[in-house]
Amino acid sequence: MTHTYRPAIDALHYDLTIMLPDTGARIAARATLELRRAAGADTVVLDLLDLTVDSVAVNGRAAPFTRDSVSVRIAVPVSVGDSLQATVWYGGIVRDGLIIRRDSATGEWTAFGDNWPNRARHWIPSIDHPSDKATVTWTVEAPSTRTVIANGVLVEETPLTAPLAGRTRTVWHEGKPIPTYLMVIGAARLAMLSLGQTACGMAEQPGCVPQSVYLSPELRDYAPGPFADAGAMVAFFGRIAGPYPYEKLAHVQSATRFGGMENATAIFYSDGAFRRRSVGTTLIAHETAHQWFGNAVTGREWAHLWLSEGFATYFAALWTEHSRGDSAMRASMQAMRRGIIDSEITAQRPVIDTAQTNLMALLNTNSYQKGGFTLHMLRAVVGDSAFFQAIRAYYAAHVHETALTDDFARAAEQAHGQPLGWFFDQWLRRPGYAEVSTSWSYDASARRVLLQVRQGGRWPPYRFPLAVVLRDTSGTERRVTVEVGAEREQRLTLPVALDRAPAALLIDPDAQLLGTFTTH
């Protein structure tokens, strides 16, 4: 696995112990990291903001360290070998990443991890970057009135005795490597409602995928509600992408700042959406799809966020197509296209935005909608068979690792059998969308329709397949597709013989092209 952030150090496993308070936001914690270092590396640099480091050990022995405002630097003698264990004892008032606040209904303190994009460093000494994935074990000591949820499988839940009576130790373990932005705990007064054993035979682990909903006890009648199709979603995505990658899937009412956050095996949804009873099926599908794309296959660099958000956006649309049919899918893509075209970001910046340093600003219509629509256009270019073959091959090649756009492009080219660099360059590496103007005439002697296609001048012209429906006076329709080249203006002959001029031409009837359309 390639590590671009701290290439000399590879985090293999985090063993994190967090003592949560009865009140307030002060924690006491210990982080033990299993690390592998490159030859010659003499320092482990861990990201950590805000909190105080009390002591550090390497392989169980006290080790010298230096602390600045953003990191902990641990000196590592050559003699300890290339595999090592670093332990950091630390604590203090958490200011971000772990959101500790009073529950709006009960007044009790709650704690929920909310790490995206690189906010884990506010409460976890870590290599806080998506290029470095690791397994994680959580040990959380919290008031016994709180339910503790975290990544992976529940290992232990033990009420403690004096002097810690009234508190419970809960241990969760995630055995698949994930980036730090997905490593979370939640602690609150929550009811757990089982959705049962779902998607049987569609997971990496034998058997089924246990799913559940964690929500405030007073809202327990809200479940399963919008989560009724959660099992069918996992089964559907498992069929088209690959086996579900993790041990479980929990849907959790939380304190995330986002509408939903796709934390591996424990999706956190906003508290307000639960209290308003407005959690939507599209949101659930989006966050569920992230378990494959973003979580199991993680974009190695932030600029390639579309590999996470664009994929989840399109897979939610695929769920719409699967569950509600072609017309609902078409309406979904038309709405998606309108949002892209109305966005200033689309006109100004490319999807793969290497110049953007504000990571929150990457949560925009490029990463989500334009990234998703690019997959829709790729499907139109290569056809369903090659498209889904490419999805499965890309996923299988990079599951539990990281990837870049070129990795997906190679999978698409192999499935299609033809180069596709032109496609990814024009849709992902430059701003804009196609501005298409068409006019047509009928050549009676040739029995053909001649289509004039012009492209606007704001951006270089695009290359794309263009679907056209020819409708006669009786309402009968014939569909053809023509290849439009990257030229400002061209004249195309539609590949169908007609005895008379059609009554009308419909351009891009299924919303398969990201563009605006005018007809003359």
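Me: Which residue does R277 meet in a salt bridge?
Reply: In this predicted model, local features need pLDDT of at least 70 and side-chain atom pairs count only at pLDDT 80 or more, whereas totals for chains, interfaces and linings use all residues. Residues are numbered from 1 along each chain as its sequence is written, and side-chain values use heavy atoms, with hydrogens and water left out. A salt bridge places a side-chain nitrogen of Lys or Arg within 4 Å of a carboxyl oxygen of Asp or Glu. At 2.9 Å, N to O, the partner of R277 is D221.

Me: How many residues apart in sequence are the parts that R277 and D221 tie together?
Reply: Helices (H or I, at least four residues) and strands (E, at least two) are DSSP runs, numbered from the N terminus. R277 sits in the loop between α2 (271-275) and α3 (281-290), and D221 in the loop between β17 (209-215) and α1 (230-240), so the separation is 56 residues.

Me: Is D499 buried or exposed?
Reply: Buried means under 20% relative accessible area, exposed over 50%, and partly exposed in between (1.4 Å probe, protein chains only). Because its relative accessibility is 62%, D499 counts as exposed.

Me: What is the distance between the closest N and O atoms of D499 and R447?
Reply: R447 is partly exposed, at 36% relative accessibility. D499 and R447 form a salt bridge, and their closest N and O atoms are separated by 2.8 Å.

Me: Which residues are linked with R121 and D128 in a network of salt bridges?
Reply: Both R121 and D128 are buried, and they form a salt bridge at 2.9 Å. The network also includes R6 and D47.
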